[in-house]
Structure formats: C-alpha cells, structure tokens
Amino acid sequence: MSSVKLQLHDKGNHVVLDNGIARVTLSKPDGIVTGIEYNGIDNLLEVLNEEVNRGYWDLVWGGSGTAGGFDVIKGTNFEVIMKNEEQIELSFTRKWDPSQEGKAVPLNIDKRFVMLRGSSGFYTYAIYEHLKEWPAFSLAETRIAFKLRKEKFHYMAVTDDRQRFMPLPDDRLPDRGQALAYPEAVLLVNPVEPQFKGEVDDKYQYSCENKDITVHGWICTEQPSVGFWLITPSHEYRTGGPQKQNLTSHVGPTALAVFVSAHYTGEDLVPKFSEGEAWKKVFGPVFVYLNSSTDDDNDPLWLWQDAKSQMNVEAESWPYSFPASDDYVKAEQRGNVVGRLLVQDRYVDKDFIAANRGYVGLAVPGAAGSWQRECKEYQFWTRTDEEGFFYISGIRPGQYNLYAWIPGFLGDYKYDDIITITSGCYIYVEDLVYQPPRNGATLWEIGFPDRSAADFYVPDPNPKYINKLYQNHPDRFRQYGLWERYAELYPDKDLVYVVGSSDYRKDWFYAQVTRKKDSKTYQGTTWQIKFELKNIDKNHSYTLRVAIASATFSELQIRVNDANASPLFTSGLIGRDNSIARHGIHGLYWLFNVEVAGSKLVEGENTLFLTQPRSTSPFQGIMYDYIRFEAPS
C-alpha cells in the first residue's frame, strides 16, 4: 500500500485524509475527528454520537474570577501545512484575544493531524501557548478522546495482563446498573449480556502509571477483526513523572491519551499560570494505529501483539522527524546525558552499591523530589541497569536538574549542578552517589521502600462487588470497595503489628482508612506497632522514618508509649490523592523523619501509636510505603 498516493479531499465543512489504508474525516475548521474508515468498516467511531463527540482534543480550565469549565477544543481556522507524496499535515487553530476573557481559556491552540504514506493510521499533536500579557488561568486537564462504535468494539487491552471483554455503556444506565459510592463505579445488575451480571465497572480500575501507558485500545473481534490503538512513544510531555497515574481506555468504548490531570495527586498537579507568565508546550504526537486480521482462523488477540510491535517501532523512531511545526524539536536539535548512579549506605554495605533499576530523570530545576509535582514543562526519564548505568536521549534544549530515586532506598536524589542541554550535546556525568536518609542501624522495618502499598495486605473484595479481571491478579488492589473491608476485619479494635512476629504482607492493611460506624458517619483509627528494645541509649535520639505512598485529606499523628499524650509528631492535613477510591495503591510520595528521644523509650516492650484522626469520608486515609526505626548514630 505504500505505493498508493496520498490524497486530501476538501468537502466544504469537512476535510478527508486518505492514504489508501485509512480515510480520516475531520470537521472544518473545528478539527474534530468525525470519521475513520478502515478495512471495509465505514466508520470506527460511534456514529450514534454527534460529530463533536467522536474524536477530539479537550481541556478543563479555570480562571481568575471565573469558573472556566470543560472545553472541547474547536478550531476557528484551517490550514494545509504540508502536502506532498510522503506527508499531509493539517492545522486547526484557535486564537485567543482579550474580548474572550472569562469566556474561553487564554491559550492559542494549534491542533495538528498528520498522515504519512503507507502508514496504518494517523498522528495528532498540539501546541498550546499562553502569552505574557494574558490573564491568569489553571489547566486541570487536557487530553485526546476517541469514542468507538459500541456494537463493534467489545474487547479492551491496556497491558499484557489487563485485558478483557467489556460491558456495554448501556449497562451503566439506571435501569441496568446501580450507582455505588461515587458516579464512576456502577454495579451491573441487569446487563445486556448476562455474563457481566454482578460485576463492578469503574474506569479508574484501568488506570496506569505514565511509564506503562505505551499502547492501549480496543479490538473488534468480528471478522474481519480490527484493532484501534493509541500509541504513546514518549512521556516527555506528560506531567508528574513516570509514576503519575492516568486514565487509559474504559467502557464506552473509549480510548484516551491524557497529558495533564489531577488524578491520584489532586491540586498539586494542576498547573497554574499567572498573568505575566509566558508558556508554550507541545503535546504529542500520539499515533492512532489501526490493524486488522483477515485470516478467519487467526486469533483476533494477535492484534494486541502486533500493536505492541508497532509501539516499539514508534519508540525507536522518537523523536519523530516528520512534524512540520518548529515548536516540535527534532532529534538533531536535542541532547543526551549518560552516567552512573551509586548508593552509599554504610549500614547496608561498606562499599558503594549500584543503583539497580533506579529511576533517573531530567526536569526543571527545583528541590529534590520536586519532579513529582512538576506540571508545566517536559521531563525525560529512564531506568538504570543492574550496574547503575543510565542513558537519557532526546532531551529538549534547556536547563535541568537531574533527579533519581531507587527502589529499596528511601528518599530522593538530586544532582546539585544545573545540566544545560544544547543542540546535539552529549553530556557525561561522573559517578553520582546518593546517600539516602540514615542516622543509625536498622532496629526494625515494615514493608519495602518502593513508593507503593502493594506489598501490604490487600483483602479479597466483597463478593458482591468484583471485577473478574482482578481475581487472582497481581493488581488485586484494583477491586472496588476494599476500604470497607477494614471495619469488617477490625470491627472494634484497630490494627496491632508486633515486630518480630507479624508479617507485613499479611498483617498490615494496605491503607489506614476510617472505620465506618453507620451509613453516614466514620471515625479515625489508631494503629499500633509493638517492639522490644534493650540497652536503650537515654541520652541520644532514635529516628523513625515513615514513607507514605499516598494521602487523602488525612493527618498522621505519632505518639510513643502513651496513646493519650500530645503527639510527638503531626503531619497536619496532607494529600488529595483520592487513591483509595480510585484503586491506585499510591499517589504522591511523602517522607517524614521523626526524632524519638531515648528518654521516651523503655526497656522491653514499646508501642508506637499511628493515628489518622480525620474522618468525614470513607476515602480519607494513608497508604504507607515503608517504616523504619533506627538506633542513634
């Protein structure tokens, strides 16, 4: 098909891109994808929807003195940027001017759509720009959404082990579904297909970390089987770093490419732009990949394997050479950083320790760990090999700090020197040494420091509220309603963990949630850690380190040996992650280091009291990552 000539058809209110493999129809000048014709199917998008609700860029914004709101981005000007035998690139722009203040987000937006010869699909990217003299605003979300035909696309694939046949959107309607604790979660009581009866459908059960959102989408298993995939070859333009979680695909059938969102983080990941602040950013390109299987005996799920292969092709081609916008920086204009990361912890090993599979990234200059709340600029991440070596390529020119964190070690690393990336540069940083927080030898520890609560006890779901996909699955935490199991396991007394005999994999509940008293009221909880000490050094301080994987409108109070004393430590109100309700197992990372005077400890059994007193909702609580108690230095 690569010999088929590219064609562009202008039909007045619509324009059609055609390369002989796919025909893509966009409204003009709006730039809404209204039709995708492929492999004998006249339109892969939902024809029952209005044209504006099929394939589109959107955003959620707020302004100074105005509520803002949800905005499907419609262009007001159409332009053919490039048209030759190899490529067609279209631009749909929307300009802002002061007469729109309070009515529209103060951004110039240029949506681009690209079709290449011989390519089974199309690309889309966009340039957002806020001029210095424009008013302040916030950008709570921006993304691309595609709504597919519900009578054709029934099988969804997000990762190798997270794929299944999905319910219909009709099953979520009041006559077929029962709304649960929040609107996104629905119990299917009378679904069109009986096989889904008794299951919970919730789009947040299919969220992924940025680093894992590479390809996802839908399969039409009818012959000829067809796949619709969103391929993201780079995460440089997504906010919050590699562990930030976002929505992917869900019942609709819907496929999303999310670039900015507050999910699993709250307001910290909502970029806020002030008057006088100039900003420009390129989101994408994202590749909309279409594939098909014509062999009647071929397993339609082969299309998933093919989509993964295409994802690898796209990743190897990044940065792309074809985007026509000068704002998209090409490979030869970018730089590279190579180096090695080591860990020095004398209580683990006298020698340097290679940072095995550590995360290393470049983001705008800031404090150690600031990258997880950075939501305006680009980030570039990789993982070290077993020896701690890393290579970050394709970095846009600019000034950065190098950040890192290593599974198995507490805290965040930051390389103090500013790294300046210039066109074509190749920077080698000498062996970097991270010294994680440490005062003395480990007396005891609970969990494993990996910024997740997945290692702790995750209960079975209530049989009334299951998602069959997550039965006997590593991601069992994605089941609905697990927070309610705490009160069932601990109806009268809270969790007590005994160092030396308890097993955190079985005895430490995955989240310190509130206890439900009745249908409308909840109470805070106090967990206890009991541990033995001998030969206490009364003249020096011990150190308690508490790493938190997620917090939602919660507070951590710590007391030692007296549950009624004033807190030795309080975090104050922290967190808006909402990870408990959204099955996230982690959100933003917190690390608290608490000095415990030796005089507060006793020979023999001691008790730490961890209290979470905030209790107006079932979703308030703390997910712990790791707790360690250290001897004096």
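**Reading the model**

Guide: Ala 354 is partly exposed, with a relative accessible area of 22%; buried means under 20% relative accessible area, exposed over 50%, and partly exposed in between (1.4 Å probe, protein chains only). This is a predicted model, in which local features need pLDDT of at least 70 and side-chain atom pairs count only at pLDDT 80 or more, while totals for chains, interfaces and linings use all residues. Residues are numbered from 1 along each chain as its sequence is written, and side-chain values use heavy atoms, with hydrogens and water left out.

Visitor: In which strand is Ala 354 found, and which residues does Ala 354 touch?

Guide: Helices (H or I, at least four residues) and strands (E, at least two) are DSSP runs, numbered from the N terminus. Ala 354 belongs to strand β26 (residues 353–354). Contact means heavy atoms within 4.5 Å. Leaving aside residues up to four places away in sequence, Ala 354 touches Arg 340, Leu 341, Leu 342, Glu 386, Glu 387 and Gly 388. Gln 399 lies 45 residues from Ala 354 along the chain, and their C-alpha atoms are separated by 27 Å.

Visitor: How is the chain divided into domains?

Guide: Domain bounds come from an automatic or database domain assignment. Here they give domain 1 (7–317), domain 2 (331–434) and domain 3 (442–630). The C-alpha centres of domain 1 and domain 2 are 31 Å apart, and 20 residues of domain 1 are in contact with 16 residues of domain 2.

Visitor: Which members of the largest nonpolar core touch the most other members?

Guide: A nonpolar core is a set of buried Ala, Val, Leu, Ile, Met, Phe, Trp, Tyr and Cys residues joined through side-chain atoms within 4.5 Å. The largest has 106 residues, of which Tyr 128, Phe 228 and Leu 341 touch the most other members. Strand β24 (residues 279–293) contributes the most to this core, with eight residues. At least three residues come from each of domain 1 and domain 2. Beyond four places in sequence, the contacts of Phe 228 include Ile 36, Phe 146, Trp 218 and Val 288. A second, separate core of 55 residues includes Tyr 182, Leu 533, Ile 585 and Val 594.

Visitor: How many disulfides does a search of the whole structure find?

Guide: A disulfide is a covalent bond between the sulfur atoms of two cysteines. The criterion is a pair of cysteine sulfur atoms within 2.5 Å, and the search of the whole structure finds zero disulfides. As for individual cysteines, Cys 208 is buried at a relative accessible area of 3%, and Cys 220 is buried at 1%.

Visitor: What is the volume of the largest pocket, and what is that of the largest cavity?

Guide: On a 1 Å grid over the protein atoms alone, a cavity is a set of points where a 1.4 Å probe fits but cannot get out, and a pocket is an open set with protein on both sides within 12 Å along at least five of seven lines; lining residues have an atom within 4 Å of a point. Grid points are joined across faces, edges and corners, and a volume is the space filled by probe spheres set on the points. The largest pocket holds about 680 Å³ of space. Among its 25 lining residues, Pro 233, Ser 234, His 235, Trp 381 and Thr 382 are the closest to its centre. The elements giving two or more residues to this lining are α1 (302–316), β28 (380–383) and β29 (389–395). The search also finds three cavities of 30 Å³ or more, and the largest cavity has a volume of about 40 Å³. Its lining includes Lys 150, Phe 153, Met 166 and Trp 218.

Visitor: Is Asn 535 buried or exposed?

Guide: Asn 535 counts as exposed, at 71% relative accessibility. Its phi is near 50°, a positive value in a residue other than glycine, and Asn 535 lies in the loop between β38 (525–533) and β39 (541–554).
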